[in-house]
Every structure is written in C-alpha cells, then in structure tokens.
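The sequence and structure come first, and the description follows.

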Amino acid sequence: MRTKVFLPFLIFMTLALIVSCEKEDSNSKTTEKSDPPMVMVNGTLYKETGFVNGNVTCGTPDGKIASTITNGVPEKNDQSNFGTDYEYQYSRDGLLNVRIKDQWIIFRDVDIDNDEIPVDVPHFKGKVVYGLQDEIHVKILELPEEFSWIFQNRSLDEIKDIRTTIEKLYPPKEIQGAEELEDQEVILWFDGRVEKQDLAISSLMELPKVYRIEMLTKEKP
C-alpha cells in the first residue's frame, strides 16, 4: 500500500522539478542580451553610443525601422535588435540619429573605432566657482549657439549656475575634495535636460544626465 501511495508522489515531484528547471532556463535566456542596441541602414551597421543629439530640432526623418530581431546582430536594412517603428535621420559621417522616447539617440558605424563624444551632444564651457566634498557649482562661460534653446535662449548673464557632482570628472583625478577644483575650467557634456531653470526659483539648476566633465589644461602665461 505504501508503495502505491509513494509512486505517484515521486512522479509528481519529478515532473515539478523538470518544469521548474525549464522555467529557470527560459528566464535566463530571456534576460541574457549581450549585444548592444544596433540597427542596419543602407548596408551599414550602427551601434548605440548612449549619447543624445541636442542639435536636431526639426527636419523630416530619412526612414523608419521596419523589422526587428530578439537577439543578435541585424542583417537586413531598416532592421534593429531593439524594436520597430523608430524614425531615424542621417547625421555626420558614420553617425545616425534614432528617435527613441522623444530623444534623438546617436548611433555610430561599428567599423569606426572612435569613442569620442560627438559634437552634436549638448555641451558648454564653464568654470567651477564652488566645490565642497563631491559637489561643484559651475558657471557657464561659453555656450554654442546651437544649444542656446536648451537654456531658453537666455543670455549668459541670465543663466543660473549649475550644481552637479564630480562623478564624471575626466580625466579621472584623485582629489581630497571638490574644493580643489575651484577656478578650474571645464567642458561639460550632458543630454540636454535641465531642471530648475525658473529664475523665480533661487536654487541652482541641475542636469539629470551628465556624460563627462572634461577638465581643461590651463595655458601657461
């Protein structure tokens, strides 16, 4: 009698274990994605750089992603590995802009060995006017005209200082505190979003996404 009761129980446990293993294997496959976002256009394969183009304010898209694959590398024109119906525009040599969530994301030809930040990424020249621990306040000294719209076309005197951290300092530098950076001139690269611009608010502006704070070498007198 015990054997008859135990045998169905053993079969049930074995089946449950198999189903559990299959589900775990399936989950691991769906979460596994080593390939970065890529798209093929006119026979050229482009890879996402992670940077936003802040210099695209108008213009007609040159095309739209028509098909997608779940994993791997796209092999057909207008095909990506991250979805469909995304519009794209041709950019500078070797670059392509793809509109994702109301931002034009820059993609670069995979055959180009270059990790420099493209010039169309929003940036400005500034000066560190205050530093404490890991926080710095930056005053904008020079702003390329094509990015003035980001700051509501205000004059430099009207633009408030920016508060950020030294996390993206480049080249990386060991310092005891951010106060060591006071008077340091920098080029700050960001994604074009700015918070607390309202002049009626006394707090400094903030940038949700900073790519790099590039320290400039001081010219010798």
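## Overall make-up

The protein has 15 strands and 1 helix; these are DSSP runs numbered from the N terminus, with at least two residues (E) for a strand and at least four (H or I) for a helix. The model is predicted, so local features need pLDDT of at least 70 and side-chain atom pairs count only at pLDDT 80 or more, while totals for chains, interfaces and linings use all residues. Residues are numbered from 1 along each chain as its sequence is written, and side-chain values use heavy atoms, with hydrogens and water left out.

Of the 221 residues, 35% are buried (under 20% relative accessible area, with exposed over 50% and partly exposed in between, for a 1.4 Å probe and protein chains only).

## Salt bridges

The whole structure holds 8 salt bridges, each a side-chain nitrogen of Lys or Arg within 4 Å of a carboxyl oxygen of Asp or Glu. One of them joins R92 to D120, with the closest N and O atoms 2.9 Å apart. R92 lies in the loop between strand 6 (87-90) and strand 7 (95-100), and D120 in the loop between strand 8 (103-109) and strand 9 (123-132), 28 residues apart. R92 is partly exposed at 45% relative accessible area, whereas D120 is buried at 6%.

D191 and R193 form another salt bridge, at 2.7 Å from N to O. D191 is buried at 6% relative accessibility, and R193 is partly exposed at 41%. A network of salt bridges links K125, E142 and E185.
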